[in-house]
Amino acid sequence: MKRTKIADILQHSKVNENILVMGWVRTKRISKNVCFITLNDGSCMANLQIVIDITPEIDELLSHVHSGAALKIFGVTVESLGQGQAVELQAKEITLLGEANPEEYPLQPKKHSLEFLREIAHLRFRTNTFGAIFRIRHTMTYAIHKFFNDKGFYNIHTPIITASDCEGAGEMFRVTTLDLYNLPKTEDGKIDFTQDFFGRETNLTVSGQLEAELAALALSQVYTFGPTFRAENSNTARHLAEFWMIEPEMAFYDINDDMDLAEEMLKYLVKYALDNCREDLEFLHKRREEEQKQKPQNERDEMGLIPRLEFVLYNNFERITYTQAIEILMNSKPNKNKQFVYPVDKWGTDLQSEHERYLVEKHFKKPVIITDYPKEIKAFYMKLNDDGKTVRAMDVLFPQIGEIIGGSQREENYDKLIGRMKEVGIHQKDMWWYLETRKFGSVPHSGFGLGFERLMLFITGMSNIRDVIPFPRTPKNAEF
């Protein structure tokens with residue numbers, strides 16, 4: 001007989017059905033001559049209750065069954081006397097697939113801190129919280145591909161190893177096969193990268209955007225969904241060294257088309273989560289409510305998880321320019337009362353998360369898209385506006401998160417692009433292939449980047465980005 005998933009049993013099974021189930025023990029309780037085991041197989045949040053009549057033979061086996069043990073059970077469904085599920089399983093045959101020594105197994109039936117669970121990331125999937133998070137992560141991955149596929153986009157696999165720095169930040173992980181204990185040197189004493197595997201300096205990518213642009217200028221609508229890397233020495237709750245990015249690039253799109261697509265996609269993803277992850281979201285909603293109760297009154301976020309998702313879904317995004325945003329922030333009470341950690345005192349200030357959240361949560365009370373940023377605080381590839389001071393950039397701001405999407409209309413003019421590269425110190429010879437796309441049939445085009453883990457923070461209500469990726473990579477931490 002084939003195994004039946006617990007999710008299918010709880011949704012579809014009737015009484016008096018013979019069923020084979022496999023899973024891990026959450027709890028075991030013995031009352032008189034009956035043993036009650038809650039079993040979970042990861043297919044859903046809920047557990048299946050197993051009822052076992054104790055015989056001398058079964059009693060010996062049960063002495064080896066503890067939280068975390070894996071069981072194979074054949075039985076018949078009976079009407080459940082407990083609340084929350086229609087059926088439970090009356091066991092007929094039990095096989096112990098794998099023991100879990102209670103003196104060593106770290107996940108006992110009690111609440112564990114998120115910090116502790118990060119130390120045992122190989123086991124935290126087995127908790128309700130992380131089971132919910134990673135089921136949602138899968139669903140969001142599928143929803144992203146479905147959204148773009150249904151709109152006629154093509155998925156492009158861009159390089160993980162690259163010789164270019166899309167953002168110009170310089171904080172990249174180097175890729176090399178050179179012997180670090182015996183580096184080859186040139187005559188002037190520099191490292192001789194011509195002897196490296198690729199014959200030049202290479203790094204892990206910070207973005208697939210530049211390569212996606214090349215594809216968009218032939219296929220019209222493409223997107224990437226892949227890992228990206230930043231060697232930023234930051235240990236905050238918002239930074240990872242390895243994370244995933246969704247980056248669509250569209251030929252014949254201007255900045256307004258770009259904003260329309262970003263808003264449509266985000267609303268689609270939020271609705272998809274509400275429609276398909278309700279059980280897991282309700283669990284995380286309750287978990288977040290309990291977490292907020294532990295905080296001082298002035299630090300609590302009054303908006304619950306599900307209402308926050310609906311807040312995005314049912315509000316049109318407010319669109320303002322950077323100049324308008326600066327005026328609002330400079331005249332705001334938090335700024336005048338010096339409550340911002342980073343005061344806003346002039347045009348040209350780079351907006352921080354606290355400023356972005358004020359605009360969304362306090363001033364407009366809806367998601368916000370800011371456009372037309374100063375060119376000095378944005379990347380070289382963004383299209384220059386006619387004023388010569390600003391670029392056609394756009395950032396989408398969400399409650400709790402701040403910036404969730406960053407994008408722009410790309411500079412399609414060859415001469416203007418070269419001018420911007422000179423301004424920021426990017427060598428033309430390293431980007432010859434990118435420049436050539438502006439020489440051969442260049443067209444207006446746009447795109448944006450959505451950090452997948454930022455999206456997951458918003459969808460799940462978690463507060464630390466390390467808790468929405470299976471195995472976080474951060475400074476001094478590459479465990480698991």
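Guide: The crossing of helix 4 and helix 14 is right-handed, a word used when the near helix is turned clockwise from the far one by less than a right angle, anticlockwise being left-handed. This is a predicted model, in which local features need pLDDT of at least 70 and side-chain atom pairs count only at pLDDT 80 or more, while totals for chains, interfaces and linings use all residues. Residues are numbered from 1 along each chain as its sequence is written, and side-chain values use heavy atoms, leaving out hydrogens and water.

Helices here are DSSP runs of H or I with at least four residues, and strands are runs of E with at least two, numbered from the N terminus. Helix 4 spans residues 128-150 and helix 14 spans residues 452-460, and they pack at an angle of about 125° with their axes 11 Å apart; axes are lines fitted to C-alpha atoms, for helices over the stretch in contact, and angles run from 0 to 180 degrees between N-to-C directions. The two helices are therefore oblique to each other, since angles under 35 degrees count as roughly parallel, over 145 as roughly antiparallel, 65 to 115 as roughly perpendicular and the rest as oblique.

With contact meaning heavy atoms within 4.5 Å, I133, I136, R137, M140, T141 and I144 of helix 4 meet F452, E453, L455, M456, I459 and T460 of helix 14. Sorted by class, this contact has eight nonpolar, two polar and two charged residues, where Ala, Val, Leu, Ile, Met, Phe, Trp, Tyr, Cys and Pro count as nonpolar, Asp, Glu, Lys and Arg as charged, and the others, Gly among them, as polar.
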